[in-house]
Amino acid sequence: MEETTQRKKLYVHVPTNIVRNEEIFLNNEEFAMYTRLCFLHFRNPEDNGNILKLDHRTLMNFLKITDTRTFKKRINHLHRLDLIKNRIDKVPTKGKINIVFNDSIAEGRTFTKLSASIFTYFNNDQIDTYAFRQIFYYKSRINKNLDGNGHDYCFSGFESMTKRFRISKTKVEEANKQLKKAKLLKIVKHKLEPTHEYIDDELQYDRYNIQMGN
């Protein structure tokens with residue numbers, strides 16, 4: 001039974017450089033859209049190849065987009081970054097649209113993997129796009145079983161996140177509160193001396209020990 005459950009569990013895989021805004025910049029709303037497309041590409045029937053045949057209204061509702069202009073703007077930004085291969089100039093009132101997913105963008109890259117249940121937290125308004133992006137970022141920085149007791153940790157400073165995602169410290173704190181309330185992580189603030197182990201934040205003394213939830 002345990003093996004069957006494990007087989008059926010779904011995950012979403014996103015290239016780690018995109019999670020961290022390395023080389024390619026996506027704001028949090030665009031990241032949520034791209035993450036959903038990554039998941040849909042994984043679930044796509046083999047005979048469709050890289051073409052995602054989507055009900056765009058369902059996708060808009062899923063991403064909490066109320067305006068087709070906003071939808072096109074985000075989709076076409078993904079196109080400009082070559083994350084998808086086609087531009088969407090017109091969104092039909094009814095019917096479906098085709099999006100050509102560019103999976104070659106991730107060749108040779110490492111991936112950050114989270115349970116697809118993360119979408120449920122987002123859909124239920126337990127977390128917003130800031131928290132959605134942040135949990136992926138934390139997962140990308142995880143040191144597996146650092147304490148030897150089966151717990152996964154990462155260390156992250158506010159300064160690096162505000163720069164990477166071009167958001168305020170307040171937004172980082174608000175996202176952390178949502179993630180803690182949803183029991184997706186635990187956060188312990190502590191002091192660390194400067195060390196070459198933390199190259200990104202050598203001058204950032206306030207560190208946050210992030211423990212991933214279930």
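Guide: One definition before we start: exposed means over 50% relative accessible area, buried means under 20%, and partly exposed is in between. Asp 89, at 53% relative accessibility, therefore counts as exposed. Keep in mind that this is a predicted model.

Visitor: What does Asp 89 pair with in a salt bridge?

Guide: Its partner is Arg 87, and the N to O distance is 2.5 Å. Arg 87 is partly exposed, because its relative accessible area is 45%.

Visitor: How many salt bridges are there in the whole structure?

Guide: A search of the whole structure gives eight. One of them joins the side chains of Asp 67 and Arg 69, at 2.8 Å from N to O.

Visitor: And Asp 67, how is it classed, buried, partly exposed or exposed?

Guide: Asp 67 is partly exposed, with a relative accessible area of 23%. Arg 69 is exposed, with 63%.

Visitor: Which residues are linked in a network of salt bridges?

Guide: Arg 20, Glu 22 and Arg 164. Within that group, Glu 22 bridges to Arg 20, with the closest N and O atoms 3.9 Å apart.

Visitor: Why does Arg 20 count as buried?

Guide: Because its relative accessible area is 19%, and the cut-off for buried is under 20%. Glu 22, at 28% relative accessibility, counts as partly exposed.

Visitor: Where does Arg 164 come in, then?

Guide: Arg 164 is one of the buried residues of helix H8. The helix covers residues 158-165 and is mostly covered, with six of its eight residues buried.

Visitor: Which other residues of H8 are buried?

Guide: Besides Arg 164, they are Phe 158, Ser 160, Met 161, Thr 162 and Phe 165.

Visitor: What follows H8?

Guide: Arg 166, with a positive phi near 55°.

Visitor: Where do Glu 23 and Lys 183 lie?

Guide: Glu 23 is in the loop between helix H2 (16-19) and helix H3 (28-43). Lys 183 is in the loop between helix H9 (169-181) and strand S6 (185-191). Glu 23 counts as exposed, at 65% relative accessibility, and Lys 183 is exposed too, with a relative accessible area of 67%.

Visitor: Switching to rings. How many aromatic pairs are there?

Guide: The count comes to 10. Ring pairs link Phe 31, Phe 39, Phe 62, Phe 119, Phe 122, Phe 132 and Phe 136 into a cluster.

Visitor: Which charged residue sits over the ring of Phe 62?

Guide: Arg 36, whose charged end is 3.8 Å from the ring centre. Elsewhere, Lys 113 lies over the face of Tyr 11, at 4.3 Å from the ring centre.

Visitor: Last one. What does Asp 82 touch, leaving out residues up to four places away in sequence?

Guide: Asn 102 and Ile 105. Asp 82 and Asn 102 are 20 residues apart along the chain, and their C-alpha atoms are separated by 7.0 Å. Asp 82 is placed in the loop between helix H5 (68-80) and strand S3 (97-100). At 31% relative accessibility, Asp 82 counts as partly exposed.

Note on methods. Residues numbered from 1 in each chain as written. Predicted model: local features only at pLDDT ≥ 70, side-chain atom pairs only at ≥ 80, totals over all residues. Heavy atoms only, no water. Helix = DSSP H or I, 4+ residues; strand = E, 2+ residues; numbered from the N terminus. Buried < 20%, exposed > 50% of the residue type's maximum accessible area, 1.4 Å probe, protein only. Contact = heavy atoms within 4.5 Å. Salt bridge = Lys/Arg side-chain N within 4 Å of Asp/Glu carboxyl O. Phe/Tyr/Trp six-rings, centres within 6.5 Å; stacked < 30°, edge-to-face > 60°. Lys NZ or Arg CZ within 6 Å of the ring centre and 35° of its normal.
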